[in-house]
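Hello,

Here is the structure I promised to hand over. Please open it first, then read my notes below.

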Amino acid sequence: MTDKAHADAHSTRTGSDGTGSAAARGEGAAGTRTDGGRGAAPVHGTWEPRPAARWEDTFLSGNGTHGAMVFGDPNDDRVIVNHHRLVRPNGSADARPPELAARLADVQDRLLAGDVNAGEDFTDGRPLLWVQPFHPAFQVRLRRPGDLAHPDGARRPAEDWRAYRREADFITGAVRAVCADRRSEVFVSRADDVIAQYVTAPDLAAEVTLDHRLPGVPVGLAVGHGAVRTPEGALLTLRARYPGSDLAYTGVTLLVTDGRTRPALPGVRVEGARSMLLLTRVRRHPGELDALAEVRALRELLPGAGRGHEDIEHAYARLLARHTTLHRTAYLRVTLDLHADPAERALPGSELIRRPKSPALLERLFAAGRHHLLSAAGTLPPRLTGLWTGDWDTAWSGAFTTDANLNLQTASAAATALPEVTEAHAALIHGQLPHWRDNARAVFGARGIVAPAHTDGESGHIYHLSHAYPLHVWTAGADWLLKPLVDHDQIRGERDPRLAAVLAEVALFYEDFLTRTDDDGHLVIVPSYSPENRPANASWVTVNAAMDLSAARHALRTAADYHPGPDAERWLALADRLPPHRVNAEGALAEWARPGLDDTYDHRHLSHLYGVWPLDEINPYDTPELAAAAHRALELRGAENDSAHGHLHHALVAARLRDATRVAAALDNVLAGDFFHVSLMSGHYPNRHVYNADAAHTLPAVLVETLIQSTPERLVLLPALPAGLPSGELRGIRTRFGATADLTWTPDGATAVLRPGRTCRVELQTSTGARPLSLSAGEDRVLTLGPR
């Protein structure tokens, strides 16, 4: 590629936000885009010609607190209700980290003396204790009178679905199902924190219930139903108390209808209606909940609304408009257009996912991934299942797993302009800091903080540990979790004082923990652990895992950057005393820098390449020899059990190392491996095995990294573009030096438009090498690159 950035660069003045008007960004009505006659724009949604038969295939909506899973069956219209705070008590709520500090010196002595099994007994002997599992609440269910004899939902013959369409609109977050003259719409309001469902049809009749009977529901769950007529129509409640606990959750649905209502326990019967509007919330609570207060709050969302058809329709439209203002703005900040075949763009998702080589599939997965990530983040960031599950037996407790999964899922948030996700991520961290302090004290006898590898969103204590997963000795977690918050600060050019304080606590931990040295005078990280792997010739608890070294260096240097002065000098001196990475006999970056520890290559995690991604410690520009060793490590790494997060983590590292071929292969493994449900949510394993958000939420980050990478001092354009994506447009990307970037590319060249929010000087990297680039706040900079 010929770099003509100097010859063809020019500047223009923009508005203060650098985004321009909706018309300037090419947005037309109803969430479409106009493209100057070039052809149809990417689809901001997905659709199906049938209702969902499985909960895994339901279309999803969410506001980061409540979630909705929509089947779209006009005969048995079901919406599964989720809430981020719904975790089932299992005895772990009061679990504490193991008190091991008094034994730390002994295990350090033995490990440093060469006893590779010394960490086997560095535990308090407890069995593995899972965090409280995430679970669904209930389903709001509308059944036609003729289907009431079929508790599992009657199905009409296939020929009756010819006038049916189910669609998810990513721009509004609404899910619609239309069958002939019946229409049902569902969305979860980001403005009002409510699940809203609107149904309309001539002579509408249905039995409406809140139904807790979902797969895996505990036998001892104590459930009580309430259904009463109200001036609006009806009020339905469901209260469920967990077995052996004072905790419960309560769902409240306010039904507004222009028809007749009468109790039909456990729900109500609606007849002679043209419209129904259902507003639903759920709360987890101790003791009793004031359901009347919840009803009053729901009624406040409908000021002055009448019961006529048009009144109900307008009330729904107002709620949707309030939500759309927030959701649409966030979702459309970044868009990807791969110039896909319009005929493929028009396909239902179930057909498109059978075309793994189609750019239209990547367009739709990028769009769906952003929509789902935004919808899953609010009160908390996304869980292993995002914000959704239709089964009480959620794999791995539906937890937040912070040694790869959560980190990968949120990897695109900063660059793709989703501060809503970053703020949810920060909420999880700041809400658990007292527990992180307990972890540091109990296990290491240290000040500061140590993050857990698993959390249910309530407890941040380390207690999920076992012989094969000694997660209590993993010290890199806080740095990885804080990295997105640092990136966010760099993008906006401001420093969050809360983040500065937390970074100082991480540095204090390392001050107390880094006390041992090797024969060369380097500080030693002992004990150490590389998630979730072990050396070929040693046990799990070891010395100087590459990830722990990279995290300690990065944490100390970042804390120093936020706290100039004597503290910074002390922390930088500590960072400089850590040992370098080791290159093994095969020319690969070793997973353990300690000599004598042999690598185990066939593993899903790539913990040792943490310095490549998400950090900037190892890269082809500043550390080419280490980058070559990291690339060799990537070549030798197996896929183990073919988990989606392993393949996409591989792709992210490959993109940083400018290996487009390896990125394409990793994407092919996921796209051709049948990882995606009809909902465009993903499975953890091939063939859609185990509902899991890793692939769905991580894929946008992979595509961005192939096109644009940035640090506070560097911009890299088209570092690892797969050959199967010859042309396209990526708009709205945020860089860590404070500019918004739009990129268009074809086989004949590429153009990048930078809209700087602050004046700076960075290094521009393209396939032809490096160039200095000066940017002035408020002035567009256009870079034109020649053919690749």
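**What I found**

Let me begin with one residue. Arg688 is partly exposed, at 33% relative accessibility. Keep in mind that this is a predicted model. Look for Arg688 in the loop between β21 and β22 (689-692). Its backbone stands out: phi of Arg688 is near 55°, a positive value in a residue other than glycine. Most residues other than glycine have a negative phi.

Asp674 is a second case. Its phi is near 60°, also positive in a residue that is not glycine. Asp674 sits in the loop between α17 (660-671) and β21 (682-685).

**Two cis peptide bonds**

Most peptide bonds are trans. Leu265 and Pro266, however, are joined by a cis bond, with omega about 10°. Pro266 lies in the loop between β14 (260-264) and β15 (267-286). Another cis bond joins Trp613 and Pro614, and omega is about 10° there too. You will find Pro614 in the loop between α14 (566-576) and α15 (624-636).

**The whole chain**

Now zoom out. The chain holds 18 helices and 30 strands. Its radius of gyration is 27 Å, close to the 28 Å that the globule rule gives for 788 residues, so the chain is as compact as a globular protein of that length. Along the principal axes, the C-alpha atoms fill a box of roughly 85 × 65 × 45 Å.

How much of the chain is buried? Of the 788 residues, 63% count as buried. The chain exposes about 26900 Å², and carbon and sulfur atoms supply 51% of that area.

Charges come next. The chain has 83 positive and 97 negative charges, and their mean positions are 5 Å apart.

**The cores**

Which residues touch the most other members of the largest nonpolar core? They are Tyr249, Met276, Tyr510, Phe676, Leu730 and Trp745, in a core of 210 residues. Apart from that core lies another, of 20 residues, including Ala196, Leu279, Leu302 and Ala315.

Best wishes

Methods
Residues are numbered from 1 along each chain as its sequence is written. This is a predicted model: local features need pLDDT of at least 70, side-chain atom pairs count only at pLDDT 80 or more; totals for chains, interfaces and linings use all residues. Side-chain values use heavy atoms; hydrogens and water are left out. Helices (H or I, at least four residues) and strands (E, at least two) are DSSP runs, numbered from the N terminus. The radius of gyration is taken over C-alpha atoms; the globule rule is 2.2 Å times the number of residues to the power 0.38. Buried means under 20% relative accessible area, exposed over 50%, partly exposed in between (1.4 Å probe, protein chains only). Accessible areas come from the Shrake-Rupley method with a 1.4 Å probe; for residues, only the protein chains shown count as cover. Lys and Arg count as positive and Asp and Glu as negative; His and the chain ends are not counted. The place of a charge is taken as NZ of Lys, CZ of Arg, CG of Asp or CD of Glu. A nonpolar core is a set of buried Ala, Val, Leu, Ile, Met, Phe, Trp, Tyr and Cys residues joined through side-chain atoms within 4.5 Å.
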